[in-house]
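Please look over the structure shown here before reading the report that goes with it.

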Amino acid sequence: MITIPYLTAVSTYFSYGLLFAFGQLRDYSRLIFDWCSTNNLHGYAPICLAHEDFYIRRLYHRIQDCFNRPISSAPDSWVDVIERYSNDNNKTLKRTTKSTRCLNLGSYNYLGFGSFDEYCTPRVIESLKKFSASTCSSRVDAGTTSVHAELEECVAKYVGKPAAIVTGMGFATNSAIIPVLIGKGGLIISDSLNHTSIVNGARGSGATIRVFQHNTPAHLERVLKEQIAEGQPRTHRPWKKIIVVVEGIYSMEGEICQLPEIVSVCKKYKAYVYLDEAHSIGAIGKTGRGVCELLGVDTADVDIMMGTFTKSFGSCGGYIAGSKELIQYLKYHCPAHLYATSISTPSAQQIISAIKVILGEDGSNRGAQKLARIRENSNFFRAELQKMGFEVLGDNDSPVMPIMLYNPAKIPAFSRECLRENVAVVVVGFPATPLLLARARICISASHSREDLIKALKVISKAGDLTGIKYFPAAPKKQEEEKDRIKLD
Amino acid sequence: MIENSKAKSFASPLLWANDIFCSKSTGISWNSLAALCWIHRAKMDTNLVEMFRAGLNWVTMALDAPSARVVLFGVRIQWHIFVEVLLGFVIVILLSQKSYKPPKRPLTEQEIDELCDEWVPEPLIPPITEDMRHEPPVLESAAGPHTTVNGKDVVNFASANYLGLIGHEKLLESCTSALEKYGVGSCGPRGFYGTIDVHLDCETRISKFLSTPDTILYSYGLSTMFSTIPCFCKKGDIIVADEGVHWGIQNGLQLSRSTIVYFKHNDMDSLRSTLEKIMTKNKRSKNLRRYIVAEAVYQNSGQIAPLDEIVKLKEKYKFRVILDESNSFGVLGRSGRGLAEHHGVPIEKIDVVTAAMGHALATEGGFCTGNARIIDYQRLSSSGYVFSASLPPYLASAAITAIDVIDQNPELLVKMKQHIALLWKGLKDIKGMSLASDPESPIVFLKLENSSGSTKEDLLLLEKMADRALKEDSLLVVSSKKSFLDKCRLPVGIKLLVSAGHSESDLVKVSESLKRLASELLL
């Protein structure tokens, strides 16, 4: 639970109010300026209306250098961040050829497959030479190679389901699959903090959408009861089917979903469960099989399991795993399977090799080491940050750690301070988070060593002191107490 | 008399209000009210009036002597004021009465539980039928002009490899060096350290090739259109789209929630009349944005859009054009710069150009190009760009190399055009099917002449034809496939995707095979 101090809330509102006021002032002066100059849009409406991009022009552009930072190396534990400069007060940023080597706390590289790997990369290059970068065809025409067939079997076995279907992009997986499964007359109940891809897919399907309070099975039960009793809006006919959509790890909160309770509620009310494991597959659980393994839920109870390969496997694409009939039906009707170019063959090979490493089938125990290391690193880092007095969200074992900032001015301050000390962090504000709750998000990787983490902690502590984000009291240091005790004795 | 008229003028608005309410709710008619007023004027000398006047005089005498009259708000109090005040009270009381509503009875807990127990959902998917079990061919080598299926060498007309760049050594070299440097994935969205220098270089290279100010790169070809359109088209805007656009565009149109009007496939007269109808209906709003959405080479039929006429219409009726150049980028035009070069239209006239790179460029992903304002706006509001991981760097470097190859080898385009012409010659007299695509398009579309009436039957027949072509003649061709989500109703048929890498014997072989199969299966 996020508990924002009263004074901080007041000062955040005041800051936003001030920024808004200044933005409006500049807009008015720009309006007067533009009256004098000519307009060449005769008869056309402006393509971006003035109020639609107010936030972009007046607030976002001021801190634009904290986002979209280009890198010139692999997204490993250390990256080369390219330096940029601006001549017009951050409106446009230009690249230079210089770069600084920074510790990378922002990329989704949970198991360290994001760069050259001794097992995976040679096999990927081999498959590139054999199959070329792309098949230029959809899966049903000439886009299925033997690698694709092997990949789907491998993923199904790894996740624990009878069959799987793979597409080339995680976002498009949700947008293309949800409309196939449910249409008008159906009900989708989704968690209030679900990702945009799920919202897009749900809107595109035409079904009615209801939202339940984030990660609260009791509220889900109330919503289900109400909706089944009431039926469809206006006609009150019974719903055709109900799908409940939840995520494994919520990327902005770092929380793990309460899956056992949600599954039992859904079973009681005969609703189908759709689990999006974009961040949790490969990162949590003893063998990396995701939130089902961690919480002890039988995979047969979850009807549709979805995930992406971008985070833990260092590749691209998404998958859906389910029963054989479900996958056959999807292969016949899913637009991403019928019309879109199939996933690039070298990327598919990377996923197969990464899964083999994780399961130990490559003959070494690197996979087990990686899984143990990411768990250790996450728990160590989170505990240390909490000891220092930062407000850190998320559950234990989750590699995603948001640190609360709140004030809009602290967003660029924290980011720039850390970059000055060669640590690259990610800061997120409105509209990805609610207005008051801006945060810095840390993603731990298995390729971070203990020294890296200690350096990161030192830098973050210094930046935190400068910006004043240690909202909780720091844990008292034990050594000083002992010293005092000795003195008294 | 003067006093009376003054009092009456004060009372007349009150009387008018009284009238409206009284006649509605209590049934006191206007007549009785008028009667009352007339009565009071006529009977000025009744006993009641006398008594009242006497009382009033007594009151004024009891108070200060100078105030000989009681004046309230500059009006002399007379007895009819009290009647009107009483009526006013009655009105207030009636207005404050609640109207009758039948009492609400919400469902009890027991009833809700019963309903939940009785409810039976539909199964998640309908039962699987035999035609859903059809398996696609599995390739064992690269999807170039010749590939291997089940150990046999097969001629491949199913890959959109128009310039034969699959397996080109320069592309493989640049991919290998990118893989060794950057690994496979980019591990993050563009906003959070997922922007690698090859992405920026790729965007600059595409802008230079097409001579446009700026470009934005997407990580998936299909998501390009359904992320771009909702960015610029919101609820209330008007979009005129061709009825044969592919599913990605249809999904984008649906997500944008604008008003969509379809015009007949590639028919400029239909477009003109649709635009005319829209403009006469909505002349008002200045903030209403209007768009025409079309594809350069339609994926569903192989037709080429007449861009010069579209641009003329757009300028006449003040619409903006969004064009999907997936199948024409690198293919049409003297140097492969797309439909604008093919028709001799300056590219600035097209407002938004998008393309998927999984066709002539033999890589994956997509891009959108246009003026700086449009591209900048997409970097923050396009959902497929902001909320999704970026394109793997080796695919971006493959795109740069592919464009370099196209620039340096214009003979690839010439070869491809020759192959298309050869294929047309060979398929001219096929029975049971007819060539429905444009003679210059790389997608050669053979539509069924006699449809059986049901799309499902037609699709099964075409699938059988494609299967037999693979088994008997070792040819991979595309038979139309339709998802139930696809709203396009164009005729179905067999598609052949011509490549510069095919040989003349391949083209002769496919013509002979299709002619034989068509005569066996369709007549």
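Predicted model: local features only at pLDDT ≥ 70, side-chain atom pairs only at ≥ 80, totals over all residues.

## Domains of chain A

Chain A is divided into two parts, with domain 1 made up of residues 6-104 together with 368-467, and domain 2 covering residues 119-359. Taken over C-alpha atoms, the centres of domain 1 and domain 2 of chain A are separated by 29 Å. Between these domains of chain A, 18 residues of domain 1 are in contact with 17 residues of domain 2.

## A nonpolar surface patch

On the surface, Phe14(A), Leu18(A), Phe22(A) and Leu25(A) form a nonpolar patch, and together these residues have about 450 Å² of accessible area. One of them, Leu25(A), is found in helix α1 of chain A, which spans residues 6-36. Leu25(A) counts as exposed because its relative accessibility is 59%, whereas the cut-off for that class is over 50%.

## Strand pairing in chain B

In chain B, strand β3 (residues 146-149) and strand β4 (residues 152-156) run antiparallel and are joined by 4 bridges, with Thr147(B) standing opposite Val154(B) in β4(B). The two strands β3(B) and β4(B) form a hairpin that has 2 residues between them, and in the turn Asn150(B) has a positive phi of about 55°.

Strand β4(B) is also joined by 2 bridges to strand β15 of chain B (residues 475-476), and here the strands run parallel. In this pairing, Val155(B) stands opposite Leu475(B) in β15(B).

Notes
Residues numbered from 1 in each chain as written. Chains lettered and ligands numbered in written order. Heavy atoms only, no water. Patch = residues over 30% accessible without salt bridge, like charges linked within 9 Å, V, L, I, M, F, W, Y side chains within 5 Å. Areas by Shrake-Rupley, 256 points an atom, 1.4 Å probe, with all protein chains shown as cover. Salt bridge = Lys/Arg side-chain N within 4 Å of Asp/Glu carboxyl O. Buried < 20%, exposed > 50% of the residue type's maximum accessible area, 1.4 Å probe, protein only. Pairing = 2+ DSSP bridges. Domains from an automatic or database assignment. Contact = heavy atoms within 4.5 Å.
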